[in-house]
Structures are given as structure tokens and as C-alpha cells.
Amino acid sequence: LTDDWFEPCEAAKRGTMEAVKALEARGHCCVPFQIPTDGWHNYGLLGAVNAAEGNMRSFIEALEGEDVIPQYKLLLITANVPNFLRPIIKCFVGKRKGHLLDLFKSGGISVYSYWQKCADILQMRSTWSEAVKSKNLDAVIYPSLPLPALHHGTSGDITAMFSYMFIANLLQWPCGAVPVTTIREEEQRYYDKSQLPADQRDEYVSLTKQVMEGSRGLPLSVGVLAPMWRDEVCLRVMQEIEEGVMFREEPSAYLKEKK
């Protein structure tokens, strides 16, 4: 239930297990599956490829003079940090932010390094394919995101949570999300640092706690990931979860705002 990079909140874990139970109740066999590449690897790989040219050059050129939206400005600042300062900055931030800092290199990386990253993607796809085949799995079910919807304008501060989305992007496997539950009154919290792995006890924890405050009623989904070219399997499992869970709750948090 975790990619070992960003621990899902309690409600995300509960929702995933409810989806598993719904599938089992409909006659499907569900078994634990240890993902072969963790979030540290996945986030790092996607980030390194996207940032390969350096300084977000294509992003800036595509804007044709327009200003970068606020949610991207932190990424732009990070991309433009002089390389000689990066090791110094890493001494003052958490391990995860230090890892993200390593993804960007002012001036970009060499063509050779870029092709090595592309080779790493191909290796990841092979590793995942073999792991799924060895377990005789039709699909993988996991929290589509570790947290509920973020507060407006804050996504740029907590991009680390999107690591779960990057799996399908890197594998190019069919994937979909199915809403299964909403956050309950007693679930409007995140873990204390002492409850988290040592490499996740950083500044993201306080940001995550702010996201969880007042989150009662926000929906959460599970992700369904099927092997390449098995789109019909992905859709079938999504349908089975949808019919088994029978999620009919209205997003009370949103409705409250509307009133």
C-alpha cells in the first residue's frame, strides 16, 4: 500500500483495502504485491528525463513570454540553482527534497546521460513485466494518490505526492482511477514524524498535515494498473471495483463550500 517514498494517509489505505475486499467478494483472488521499483526510483527517473535539457528550457520557450504560473515557480527556481550550490543546499533540506534537487542540473545533462535514463525506463518496464508475470497477476491495485485533493494553489509545494501517478507514465501501461470512499471525521490527520520511515521525516510532513485538516468528505480513489496492451483488463477490473464497492457518497466537503 506504499511506494516507500510518500506514505498514503489512513483513508487512502482503507479505501484500497475496501476495493480489495469488494473484488474478493466477487470471486477474484487478490494477493500482496511488492512493487519492483519504489517511489524514489520512479520519481527520480521521470524527473530526470523531464529535466534533462536543463533550466526548464522547453517549458519557458513554449510560454512565448508569458509568466510561469505560481505552482511552477518553485520548480523553475530549483532548475536554475547553480550546480555548485546544490550540495550545500542539500545539507539544509530533507532527504526527499534533496533527491528532487538532484533531478535538475543547470545547463542540463549530456546526450549520453539522457540515453542512459531512457535505457533505465526500458529496464523498469522489463522488471515490472517480469514481476507481474511471476505472480500471475492480471492487474495491480494501489492508492491512486496518497492524499485527497490539495488546497487550491498548493500543488507546487508538495509535488512529491504525485509519485503514484508516475508509475503508469513510465511503464506506459493502461491505468485508471475508481472512487471508493471519502475521508471520515477521525481520518482528518496525517502521521507524526515518529510514525514514518526515517527518510520521510521532513518538511513535507507539516504540509501534508495541513492538507488533511478539514478534509472530511473529500473522495479518494484506487488506481488500477494492467500490463501493456491489456486495456480491456484494466477496464474490467475498474468495473468490478465500481460495482462491488458501490460508491455513492456525495463529496460533502465540496457541497458544503457550495452552500
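Predicted model: local features only at pLDDT ≥ 70, side-chain atom pairs only at ≥ 80, totals over all residues.
Colleague: What covers the buried residues of H8?
Modeller: The cover includes helix H2 (39-50), H7, S1, strand S2 (175-182) and strand S3 (219-225).

Colleague: And how many residues of H8 are buried?
Modeller: 7 of the 9, so H8 is largely enclosed by the rest of the structure.

Colleague: Which ones?
Modeller: Ser 163, Tyr 164, Phe 166, Ile 167, Ala 168, Leu 170 and Leu 171.

Colleague: Back to H7. At what angle do H7 and H8 pack?
Modeller: About 100 degrees, with the axes 9 Å apart. H7 covers residues 111-134.

Colleague: Parallel or perpendicular?
Modeller: Roughly perpendicular. The range for that label is 65 to 115 degrees, and the pair packs at about 100 degrees.

Colleague: Which residues meet there?
Modeller: H7 brings Ile 121, Met 124, Arg 125 and Trp 128. H8 brings Ile 167, Leu 170 and Leu 171. By class, the contact has 6 nonpolar residues, no polar ones and 1 charged.

Colleague: Why flag that?
Modeller: Most residues other than glycine have a negative phi.

Colleague: What about Asn 136?
Modeller: Asn 136 is not a glycine either, and has a positive phi of about 55 degrees. Asn 136 sits in the loop between H7 and S1.

Colleague: Is Asn 136 buried or exposed?
Modeller: Exposed, because its relative accessibility is 69% and the cut-off is over 50%.

Colleague: And where is Gly 153?
Modeller: In the loop between strand S1 (140-143) and helix H8 (163-171). At 38% relative accessibility, Gly 153 counts as partly exposed. From Tyr 142, Gly 153 is 11 residues away in sequence and 26 Å away in space, C-alpha to C-alpha.

Colleague: Aromatics now. How many pairs in the whole structure?
Modeller: The search finds 8 aromatic pairs.

Colleague: Which residues do ring pairs link into a cluster?
Modeller: Trp 5, Trp 40, Tyr 43 and Phe 166. Phe 166 is also one of the buried residues of H8.

Colleague: Which charged end sits over the ring of Trp 40?
Modeller: That of Lys 95, 5.2 Å from the ring centre. Lys 97 has its charged end over the ring of Tyr 204, 5.5 Å from the centre.

Methods. Residues numbered from 1 in each chain as written. Heavy atoms only, no water. Phe/Tyr/Trp six-rings, centres within 6.5 Å; stacked < 30°, edge-to-face > 60°. Lys NZ or Arg CZ within 6 Å of the ring centre and 35° of its normal. Helix = DSSP H or I, 4+ residues; strand = E, 2+ residues; numbered from the N terminus. Buried < 20%, exposed > 50% of the residue type's maximum accessible area, 1.4 Å probe, protein only. Axes fitted to C-alpha atoms, helices over the stretch in contact; angles between N-to-C directions. Parallel < 35°, antiparallel > 145°, perpendicular 65-115°, else oblique. Contact = heavy atoms within 4.5 Å. Nonpolar A, V, L, I, M, F, W, Y, C, P; charged D, E, K, R; others polar.
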